[in-house]
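Subject: A structure for you to look at

Hi there,

Here is the structure I promised to pass on. Have a look at it first, and then read on for what turned up.

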Amino acid sequence: MKKLALHWQILIGMVLGILFGFLMVQFYWGRGFVEDWINPFGTIFVNLLKLIAVPLILASLIKGISDLKDIAKFRKMGLRTIIIYILTTIIAITLGLVLVNTLNPGAGISQETIDNLSATYEGNSDIAGKLTTAAMQKDAGPLQALVDMVPENAVAAMANNSLMLQVIFFAIFLGISMLLIGEKAAEPLKNFFDSLNDVVLKMVDLIMLTAPFAVFALLANVVVSADDPDILLALLFYAGTVVLGLILMIGVYCLIFSLYVKKSPLWFLNKIAPAQLLAFSTSSSAATLPVTMERVEEHMGVEKEVASFVLPVGATINMDGTSLYQAVAAVFVCQALGIELALSAQLTIVLTALLASIGSAAVPGAGMVMLVIVLESINFPSELLPVALALIFAVDRPLDMLRTTVNVTGDATVASIVAKSLGKFGEPDVQDWDDHLDEVSS
């Protein structure tokens, strides 16, 4: 019997997790049971993915650059990658602004709902933390992003997944230096990273064997820890506007992919589906990165030197789904609170959301920090910032799951476009976890 495709296994796990979560909330002990006995398995899975993210970036990026043989090729690839990422982010922000101005979801929020939300989340530690983080980013100098990109200690950068840009900088620096010392001198180090890359990709295959069970645990916990259904219902129109924008953005990716790469959008979505489903379950582009790289390289045919550069950079600076959400959320809270936004203010949103997406970490909840920065750029009253975050906090987690899915889809799309433009889009070469099992079995 043919083995069920991985994305179907993950999807079944997600559905069962949601149903199990709804079943557990019917019992007074259900939430505690899921948090104590089910969610830890999801946490272990996410930790395993994060565990191999840095070794994978190091090994694959250094291997990819050292295989180029020509620094000019790397410069060309890097320039195209950054330009395309900026263009897709601008498209996402513009799409969000068009939708929120057309549908006007903030007009349906009553003062009573605003008061209830403010009271519910007054003093919430998560909201306070987001405001503090945003204030720190706002106080930083104009070139702080460049300063933050260069690590003072490479080992310390590798010990912190939120410092992914520093790891990428070190890997690129090391890879280029290996090119400059000549092929013969660099060969021992290159062989080491080639071998490390193969080992880490095999670790991805092994971790993915547990993916259906892990997403069951993650989704069950999301359901039992959800906020008051009445609050969610009040924000349904706003959430629907964001979801519509995210769906349309995936449609934009599929259109670009089919026109430029000359392959079916359904083929693209089928190949990238496991990464999308994991992005939805974990709400983290960084945690999903190892799976995204494996799907794009092995299942789609993007050559390693392209995927190993484009995807880690994208997981760090390309947040199309999050940027679209910024546009919708910023205008929504202004509509709900009766604050008029001129065209100049909305253009400021485009620019600020673009810059904030580049500097934001690829971790759950980063979107709300970005939102504070965007709101402050349009002179939003500082005393209303906690109210603004309270307005959207209840639905932030499910929307975070969806926008992370869009972020990952965008990364895969750009990797495909860059690979096609450089003649680096080949045939898939799928590696299974047990390909060499007979060599170690008696």
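Setting aside its neighbours within four places in sequence, L61 is in contact with L56, I168, A171, I172, S308 and F309. Please keep in mind that this is a predicted model.

What does L61 belong to? L61 is among the residues with the most contacts inside the largest nonpolar core, together with F45, M208, V296, F309 and V310. That core has 74 residues, and its largest share, 14 residues, is supplied by helix α2 (residues 30-68). There is also a second, separate core of 55 residues, which includes L97, Y238, A329 and A330.

Now step back to the whole chain. How many helices and strands would you count? The chain has 20 helices and zero strands. Its radius of gyration is 22 Å, close to the 22 Å that the globule rule gives for 442 residues, so the chain is as compact as a globular protein of that length. Along the principal axes, the C-alpha atoms fill a box of roughly 70 × 50 × 45 Å.

Contacts across the sequence are worth a look too: among those with a separation of 6 or more, 84% join residues 24 or more positions apart.

Of the 442 residues, 50% count as buried. The accessible surface comes to about 20000 Å², and 65% of this belongs to carbon and sulfur atoms. As for charge, the chain carries 24 positive and 38 negative side chains, with the centres of the two sets 11 Å apart.

Enjoy exploring!

Best wishes

Terms used. Residues numbered from 1 in each chain as written. Predicted model: local features only at pLDDT ≥ 70, side-chain atom pairs only at ≥ 80, totals over all residues. Heavy atoms only, no water. Helix = DSSP H or I, 4+ residues; strand = E, 2+ residues; numbered from the N terminus. Rg over C-alpha atoms; globule rule 2.2 N^0.38 Å. Buried < 20%, exposed > 50% of the residue type's maximum accessible area, 1.4 Å probe, protein only. Contact = heavy atoms within 4.5 Å. Areas by Shrake-Rupley, 256 points an atom, 1.4 Å probe, with all protein chains shown as cover. Lys, Arg positive; Asp, Glu negative; His and termini not counted. Charge placed at Lys NZ, Arg CZ, Asp CG, Glu CD. Core = buried A, V, L, I, M, F, W, Y, C linked by side-chain atoms within 4.5 Å.
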